[in-house]
Amino acid sequence: MTTTTEAQITENGHSSQHQERKWQDYFTFSTDHKVIGIQYLVTAFFFYLVGGALAEAMRIELATPDPDFVQPEFYNQLMTMHGSIMLFLWIIPAGAAFANYLIPLMIGAEDMAFPRLNAVAFWIIPPGGIFFLSSFFIGTAQAGWTSYPPLSLVSGKWGEEIWILSVLLLGTSSIFGAINFVTTIFKMRMPDMDIHSMPLFCWSMLATSALIILGTPVLAAALILLSFDLIAGTAFFNPAGGGDPIVYQHMFWFYSHPAVYIMILPFFGVISEVLPVHSRKPIFGYRAIAYSSLAISFLGLIVWAHHMFTSGTPGWLRMFFMATTMIIAVPTGIKIFSWCATLWGGKLNLNSALLFGVGFLSSFLIGGLSGVMLASAPFDIHVHDTYFIVAHFHYVLFGGAVFGLFAAVYHWFPKMSGRMVNETLGRIHFALTFIGFNLTFLPMHPLGLQGMNRRIALYDPQFQSLNMLVTIGSFILAVSTFPFLINIIWSVFKGEKAPRNPWRALTLEWQTASPPIIENFEEEPVLWAGPYEYGIDIESVDGEESVEEMLAEVGAES
Amino acid sequence: MQSPALDESKVTLNYHQEAVTGHHGHPDHRMFGVFVFLIADSMTFLGLFAAFMIYRTIMPAWPPEGTPELELLVPIINTAILVTSSFVMHKGQDALKKGDISGLQLWFGLTAIMGLAFLLGQGYEYFHAEFGLTTNLFTSCFFALTGFHGLHVATGVLLILSVLWRSRDKGHYSSTSHFGVEAAEIYWHFVDVIWLVLFVIVYLIN
């Protein structure tokens, strides 16, 4: 069957209709969503290395209680840039990378709804990132990634202004991306695919995009006003001129709390794809996972003031935000349980992708639970601005988002590059990452409970031994990047050729060549099974072929 | 084994035909995209308006004591101009839907002039104001809100002018193909509605 169709395609001269992919495409203004996806991913990874280097510098400084490695002012700059780069230039673009690459393939479309807008969205990022880094030459912002006034108004004017302009640029890029994702998901699905047979990754990107569209503009408004305060001498947020810094905090967190979900939801989607494929079981609770993404998205918009329990927020408001924040644990818990139930009794293939998937589950669970602790106002007031907070959000953003990101890289690498990765190196990468990660961030919990302040270059000598442990952990984390880099670079050039469907997965991206041709599918993709109908051998299509047989066929093609 | 193979080759053929025509006849999702963008843009205004309303609620006196009274005559005229322009603009789209390109040009041209008149009025208001950007929190808000809205009006005028420029090409817009015209019009209505909210909260309720 396969050979006949392929022969027909060549006879029709179909393959010559499509242009061949050139390597230059990856360095130019290409409108192909797959090229853009990889551009996003590689750019984001570059900034991950930059942000990681800044983190290592901070950890070297914090190995001892005294500021002996860098000046405290420089430490503040490192801390500000580490946070901002990791959020705005690594995790958010990396989520957009997979969304760009996967959404059109998963829904059987040729490309995104607005390919040129998509390319513009990407090409804002490299200049934005370089502009961001350029502030090191004139004194970077020191006020942390939150840039709270009045601190941000008195700690270096032009560094802060560059910070504001870069975030505005990156936010614009993010909005353009989100407009594309929403339109593509709603309007470009292949005719047979209704919204409830769409892969869960698309659901999670729908929820993410909604947050980007509703949240980012409010941050933009706040930053424009902050910019006026900084440059034009107004006093929107400056108490010295009659303004109110709390208004900034409200506007900032109205975006920046949803931003946490903007960063984690895409990887919730990734995990919902990775777990069923590698445990050969249908996803447990498709609709529960899909709708809980939307619930998280909605609730994420009404919890922001839990970041402000110590900002003089009145009691009744604290109660409201405490309650809504705790309610978020419900849809998140539904997801965690559904994922565990998916794994339960499955035929697990513990390859690098699934290892990172399981690593995600366990680390994110810890981050989620400490999140519930922090939602409680009395506890939060106690640990506010301590290392407990640092531990919490690194368990969510590193243990959650970054583990999910690596799971995604290992899972879709064969599709993106047409080559298999080296499993041994992949597992070494996982082991080092998992050990390094826990060694770095687990001791921060007791440090925070004992009262070690965050965002400061010096600390009480009693905390030194645990801090040394954290610094050693961060070195292991740094080392863990090398097997990954070697693996990826080696596999791109020398890896074993990947068949079109090495994992025998059912989502549509695996129905085309690896890597997919330009405009994605040689022939209109056929939706002959739901996205997660694994291990259901008895079910058959047209009463002739079972899903398993068809899978074997697709897997055999290369 | 046989029948799926047959089916599939049929599908393949259909797909190719579609693909050939499809390159020009892609289903048009741009209007949907415009709406999503306007939701995002309206959130920017929502952020600014919310900040303004919070200040109004928490400050002991609002506007702060010593703020000169806002002159209402020019903004009222401006409001009338902007609201009328929305209807004028819609007549342009009506004309186009009947295939009347010169009607489109006439009404859109008029809308552009009304937009410019609005901007001139706002400029007049700025130059004759008895306060500056940094006088106090209220005046800062006044300039930030009206200024940000003014930027949107200016963008709208540019959009209308670019529609007029393109309409010189015969056949660029027709009664069936007129995305640019509709997008410009929806954007203009959006800017109009934002102005009404702004006018109420900045000028009227103080």
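Mentor: Gladly! Let's start with the side chain of A:Ser417, which has a polar atom 3.1 Å from the backbone nitrogen of A:Arg419. A polar contact here is a pair of N or O atoms within 3.5 Å; within protein, one must be able to donate a hydrogen and the other to accept it, and residues adjacent in sequence count only if both atoms are side-chain atoms. Before going further, a word on conventions: this is a predicted model, in which local features need pLDDT of at least 70 and side-chain atom pairs count only at pLDDT 80 or more, while totals for chains, interfaces and linings use all residues. Residues are numbered from 1 along each chain as its sequence is written, chains are lettered from A and ligands numbered from 1 in the order in which they are written, and side-chain values use heavy atoms, leaving out hydrogens and water.

Back to A:Ser417, which belongs to helix H15 of chain A, residues 387–417 (helices are DSSP runs of H or I with at least four residues, numbered from the N terminus). Its relative accessibility is 22%, so A:Ser417 counts as partly exposed; buried means under 20% relative accessible area, exposed over 50%, and partly exposed in between, with a 1.4 Å probe and protein chains only. The C-alpha atom of A:Ser417 is also 6.8 Å from that of A:Ser514, although 97 residues separate the two along the chain.

Now for the aromatic rings, of which the structure has 64 pairs over all chains. Rings of Phe, Tyr and Trp (its six-membered ring) pair if their centres lie within 6.5 Å; planes under 30 degrees apart count as stacked, over 60 as edge-to-face and the rest as tilted. One of the pairs is A:Tyr48 with A:Trp90, stacked at 4.3 Å centre to centre and 20° between the planes. A:Tyr48 sits in helix H3 (residues 33–62) and A:Trp90 in helix H4 (residues 72–106) of chain A, so this pair ties together parts 42 residues apart in sequence. A:Tyr48 is buried at 9% relative accessibility, and A:Trp90 is buried at 2%.

A:Phe356 comes from helix H13 (residues 352–375) and A:Tyr410 from helix H15 of chain A, so parts 54 residues apart in sequence are tied together. Both A:Phe356 and A:Tyr410 are buried.

Technical notes. Helix = DSSP H or I, 4+ residues; strand = E, 2+ residues; numbered from the N terminus.
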